[in-house]
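Subject: Structure handover

Dear colleague,

Please find below the structure I promised to pass on to you. My notes on it follow directly after.

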Amino acid sequence: MCTYQTHKIKISGSGKAKMGWISLKEAAVYVDHPVHLQQDHSVNIDFADPARGPSARVAVELTEEAALALADAIHEAIAAAPPGLAAAGTRP
Amino acid sequence: MSDALRAETVTIKGHDDDEIEAYLARPLGDEPRGGVVVIHHMPGYDAATKEMVRRFAAHGYAALCPNLYSREAPGADPDDAAATVRAAGGVPDERLVGDVDGAARYLNSLEGANGKIGVIGHCSGGRQTFLSACSLQIDAAVDCYGAFVVGDPPAGMPPTMKPILGLAPQLSCPLLGLFGAEDKFPSPAETAKLSEELDRLGKEHEFHTYENAGHAFFAVDRPSYRVEAAVDGWGKIFDFFGRYL
C-alpha cells in the first residue's frame, strides 16, 4: 500500500547531501515504500532545503524499530547534555 | 516479430502546453502499431518504469512515459524529484490528465501510429489511469492496484487523492484491473465495488485479483514482487492490448 501521508516540519540544521554540506530548512516524515531498504515499507525522513532544489536532500529509510530507537536516542542525548546547549541561536 | 527497439528521452507538450520530459521507446520496424502511455508510480520516473516502457516497445508498441515531476524537479534524480513532489502535495489531477493527453498526442504523431492509445499505470498511476480513461478518449486502460478510486482516503491525505468513482459513467474504453488479494489500498472489497459499478453502467472491464500477492507485485526490484502474479499479469496485459490497440 502507499500511504501518501506526509508529516512536514520546519527545522534548522545542516546535513551532508550529494552536493556537499547544506543548510536544512524542512523535514518530511512518512511511512511508505522505500527506495533502497529491502522491505515493503519503511519510516522515511527527508531533510531538505527546498530553495536549493530537489537534490538538496538528505534521505534516510528506517525500520519502525530503528526509527523509534533513534527518536529515543535523540531524547536521551539531549537530556544528558547541559540544558539548552544545542538550542537554536546559541554560539560557542 | 522483431524485438529491436529505439529508446530515448524526448520533450513533449503536456498540460497547458508545458514542455515536459518523457521517455520514449518504439520498435524499429515500420508496421502500423498502437501507442501506450505509461504513467509512472509515485516513486517517480525511475529505472523500473523505463524498463516497462522498453518492454512495450519490444512487444511492438510505441510507448511513452511522461515525467510527471518535470516541472518541480527538472533533471533531478527520480527519488529526489519524488520527495519534492510528495512534500508539495502530489500531482494535481487536472495536470495529470493534460500530461497524459499530451503523451497520447505525441504517440499519435509518430510515423506508424495506428491512432489507438492504451494507458497503464501502477499504484498511484493505477488511479491516474482510471482518471485518464474517464477524462480522455482512450482505447484500452490497465489499472494495476490503483488505490483511492473508490475508497475515501484516510484523514491527512493530500487533496489530490480524492476518490473518483463518480467519473465511471465517462469511462471511454475497456478496463483491465490487476490487483493483489493481500492489498489494503485498494482492498479486494474496493475493487469489487468498482467492478459492480462498471457492471451497472455496462462498462466493459476485466478484473483479476491474485492470491498470495499484495501491493506492487509487478515491482521486480522490491520485496513485494510476486513472480507468479507478475508473469500472469504481463500475459494478460499483452493479450488485452493485443485485442484493443
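Helix 4 (residues 124-135) of chain B lies across strand 3, strand 5, strand 6 (140-144) and strand 7 of chain B, and runs at about 140° to strand 5 of chain B. Here contact requires C-beta atoms, placed from the backbone, within 7 Å, helices (H or I, at least four residues) and strands (E, at least two) are DSSP runs numbered from the N terminus, and angles run from 0 to 180 degrees between N-to-C directions of axes that are lines fitted to C-alpha atoms, for helices over the stretch in contact. This is a predicted model, in which local features need pLDDT of at least 70 and side-chain atom pairs count only at pLDDT 80 or more, while totals for chains, interfaces and linings use all residues. Residues are numbered from 1 along each chain as its sequence is written, with chains lettered from A and ligands numbered from 1 in the order in which they are written.

Helix 3 of chain B lies across strand 1, strand 2 (19-27), strand 3 (33-39), strand 4 (62-66) and strand 5 (113-122) of chain B, at about 155° to strand 3 of chain B.

In chain B, eight strands form an open sheet with mixed pairing, in the order 1-2-4-3-5-6-7-8, where pairing means that DSSP finds at least two bridges between two strands. Strand 1 (5-13) and strand 8 (205-210) of chain B stand at the edges with a single partner strand each, so one side of each has no neighbour in the sheet. Strand 7 (residues 175-180) of chain B pairs with strand 8 of chain B in the parallel sense over six bridges, and B:G180 has B:Y210 in strand 8 as its bridge partner.

The largest nonpolar core has 78 residues, and B:V37, B:V38, B:A63 and B:L64 have the most contacts inside it. Such a core is a set of buried Ala, Val, Leu, Ile, Met, Phe, Trp, Tyr and Cys residues joined through C-beta atoms within 7 Å; buried means 20 or more other C-beta atoms within 10 Å of the residue's own, exposed 12 or fewer, and partly exposed in between, with C-beta atoms placed from the backbone.

In chain A, strand 1 and strand 2 (residues 20-32) pair in the antiparallel sense over nine bridges, and they form a hairpin with two residues between them. Of the 11 residues of strand 1 (residues 7-17) of chain A, the number buried is zero, so this strand lies largely in the open.

The contact between the chains takes 18 residues from chain A and 26 residues from chain B.

Best regards

Definitions and conventions: Contact = placed C-beta atoms within 7 Å.
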